[in-house]
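My notes follow the order in which I looked.

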Amino acid sequence: MTNHYKYLILMMMAVLGSSPLFAQKGTNRTEPPKLPSKGICAHRGAVEKHPENTIAAFKEAIRLGAQMIEFDVRLSKDKQLVIMHDTLVDRTTNGSGYLHEMTLRELKRLDAGSWKSIQFKGEKIPTLQEVLEIMPDSIWLNIHLKGGKKLGRKTAKLIVAEKRLHQAILACEKDAAKKVRKVNAAIKMCNMERSSSRQKYIDETLAERFAFIQLKKSRENDSLAIDIARLKKNGVHINYVQAETPNHMRQLLDQGIDFVLTDHLTLLLDAFSNNNQSYSSQNKNSTLNPQ
């Protein structure tokens, strides 16, 4: 073999070796994007004017600039991951009955938009796969699991397959959490196993090493500041349900709450944008650490 041909072969190997198609298996050449450390969470999407838990509501939340989007996942009769909060389809579709007694094909026949506005006539119940396909990788996905072990395992597998480990938070109870951890221990979870008191809820969250907790307005008391400090000291990130006024939002964020869930997304995002110089500087220099 002449030196000329050897040179050509070496050049081709160098070019192919730098191509993603020929990269070494398991090599990750790109770092995951930085995620916000504080912000507003769109509760079931942008629900002010859009039907909850639909692609339309999620696209609007993305357009408005939500730092986190919350949505609910259930299993259909044929074990498909579908997005809906209620056990019944009655409230948010033109159908009737239990979601778990319907196949995905049956659910896809329903109108999930007209109840909100004629503008959304024909909006469909989305699958988790369809939702992940539209989500940018630079915002938090607060995925509330409405089910137990089977739902936990199936959802976790999809999150891993779709490479969403860096941004997904699976909000679930103990049974689902056990299966999630078996799929991949690196998946971040929010403790949704409610207890008789906030103190017990926090104790269990710390004992089970959940990355997130979700505090509720209905359990607000004089110890909120102390509870927040304790959670922060132990590295737990805090979601809060929920705030609907700018003043309440500011109070929560100033106290150390990380993300505020809301049904008034436009109002709170505008207030957050106008009053977040300190928050935005934190976002530039820090991200939430996976746990």
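I started at the end of helix H2. Helices here are DSSP runs of H or I with at least four residues, strands are runs of E with at least two, and both are numbered from the N terminus. The model is predicted, so I read local features only at pLDDT of at least 70 and side-chain atom pairs only at pLDDT 80 or more, while totals for chains, interfaces and linings use all residues. Residues are numbered from 1 along each chain as its sequence is written, and side-chain values use heavy atoms, with hydrogens and water left out.

**H2 itself.** H2 covers residues 55–64, and its buried residues are Ile55, Ala56, Ala57, Phe58, Glu60 and Ala61. I take buried as under 20% relative accessible area, exposed as over 50% and partly exposed as in between (1.4 Å probe, protein chains only). What do the buried residues of H2 pack against? I found strand S1 (39–43), S2, S3, helix H4 (128–134) and helix H10 (265–274). Contact means heavy atoms within 4.5 Å.

**Positive phi elsewhere.** I looked at Asn53 next, in the loop between S1 and H2. Its phi is near 55°, a positive value in a residue other than glycine. Asn53 is buried, with a relative accessible area of 3%. Lys79 also has a positive phi, about 65°, although it is not a glycine. I placed Lys79 in the loop between S2 and S3. At 42% relative accessibility, Lys79 counts as partly exposed.

**Ser76.** I stayed in the loop between strand S2 (68–75) and strand S3 (81–83), where Ser76 sits. Is Ser76 buried or exposed? Ser76 is buried, with a relative accessible area of 2%. Not counting residues up to four places away in sequence, I listed its contacts as Val82, Leu99, His100, Met102, Thr103, Leu104 and Leu107.

**H6.** I moved on to helix H6, residues 174–183, and found Ala176, Ala177 and Val180 buried. Seen down the axis of H6, these buried residues fall within an arc of 100°, so they line one face of the helix. The arc is that of the directions from the helix axis to the C-beta atoms. Lys178 and Lys182 are exposed on the other side of H6. The buried residues of H6 pack against strand S4 (140–145), helix H5 (149–161), strand S5 (168–172) and strand S6 (188–191).

**H5 against H6.** I checked this pair in detail. The axes of H5 and H6 come within 7 Å and cross at roughly 35°. Axes are lines fitted to C-alpha atoms, for helices over the stretch in contact, and angles run from 0 to 180 degrees between N-to-C directions. H5 contributes Lys149, Gly152, Arg153, Ala156, Lys157 and Val160 to the contact, and H6 contributes Asp175, Ala176, Lys179, Val180 and Val183. I sorted the residues of this contact into five nonpolar, one polar and five charged. For that, Ala, Val, Leu, Ile, Met, Phe, Trp, Tyr, Cys and Pro count as nonpolar, Asp, Glu, Lys and Arg as charged, and the others, Gly among them, as polar.

**H8.** In helix H8 (residues 224–233) I found Leu224, Asp227, Ile228 and Leu231 buried. Seen down the axis of H8, they fall within an arc of 100°, so they line one face of the helix. The face turned away from the buried side carries the exposed residues Ile226 and Lys233. The buried residues of H8 pack against helix H7 (198–207), strand S7 (212–216), S8 and H9. Just after H8, Gly235 takes a positive phi of about 75°.

**Around H9.** I noted a cis peptide bond joining Val241 and Gln242, with omega about -10°. Gln242 lies in the loop between strand S8 (237–241) and H9. Asp258 is in the loop between helix H9 (246–255) and strand S9 (259–262). Asp258 is buried, with a relative accessible area of 3%. Asp258 and Asn239 are 19 residues apart in sequence and 6.0 Å apart in space, C-alpha to C-alpha.

**Whole protein.** Of the 291 residues, 48% count as buried.
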